[in-house]
Amino acid sequence: MIDPEDEAAIALQLGRRPRGIHEIGHRCPCGNPDVVTTEPRLPNGTPFPTTYYLTCPRAASRIGTLEGSGLMKEMEGRLSSDPELAAAYARAHERYLAARAELGSVPEIEGISAGGMPDRVKCLHVLAGQALAQGRGANPLGDEVLDLLGDWWQSGPCVDASAGD
């Protein structure tokens, strides 16, 4: 069961009512959720492969800037030239799948993680979400994204659910 204040904060962060939340995947240093762990099948029956969904709009905005900079293409290029990085990224894919399998089986998305894993880099938000929820070392490219983000929480909480924003 998700705390009503957390659900209200997530709704403010997303600008819509959240769906299929299993639990809070990670909390920002400001105290708000910044990643939710999502059920692999939404309440309406839709398969949902994004297990770790980044909710903080500040972090998401900064990641969008990184995506616009060409970082994904650079990271993907490194996967083909760095076998150790490629192996670590493949392990991140397996960790992602294992975590989702603990939440339930959804045959339509079996073997599909998110963010382009294990061979591509197509969503830095997903990689950062995994790194936050599963911890440093879970996804090497997610760790790199977090390093580049800086302290997105420094100016205080992105939303205040207790104030009814």
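Tyr96 sits at 0% relative accessibility, so it counts as buried. Keep in mind that this is a predicted model. Tyr52 is buried too, with a relative accessible area of 8%.

The rings of these two tyrosines pair up: for Tyr52 and Tyr96, the centres are 5.3 Å apart and the planes meet at 90°, which makes the pair edge-to-face. Tyr52 belongs to strand β3 (residues 52–54) and Tyr96 to helix α4 (residues 83–103), so the pair ties together parts that lie 44 residues apart in sequence.

## The other aromatic pairs

Searching the whole structure turns up three aromatic pairs. One of them is Phe48 with Tyr53: the ring centres are 6.1 Å apart and the planes sit at 40°, so this pair is tilted.

As for how covered these two residues are, Phe48 comes out as buried at 17% relative accessibility, while Tyr53 counts as partly exposed at 28%.

## Helix α6

Now over to helix α6 (residues 140–149). Seven of its 10 residues are buried, so the rest of the structure largely encloses this helix. The buried ones are Pro140, Leu141, Gly142, Asp143, Val145, Leu146 and Leu149. Their cover includes α2 (57–68), α3 (71–81), α4 and α5 (124–134). That brings back α4, the helix that holds Tyr96.

Both ends of α6 are worth a look. Just after the helix, Gly150 takes a positive phi of about 75°.

Technical notes: Residues numbered from 1 in each chain as written. Predicted model: local features only at pLDDT ≥ 70, side-chain atom pairs only at ≥ 80, totals over all residues. Heavy atoms only, no water. Phe/Tyr/Trp six-rings, centres within 6.5 Å; stacked < 30°, edge-to-face > 60°. Buried < 20%, exposed > 50% of the residue type's maximum accessible area, 1.4 Å probe, protein only. Helix = DSSP H or I, 4+ residues; strand = E, 2+ residues; numbered from the N terminus. Contact = heavy atoms within 4.5 Å.
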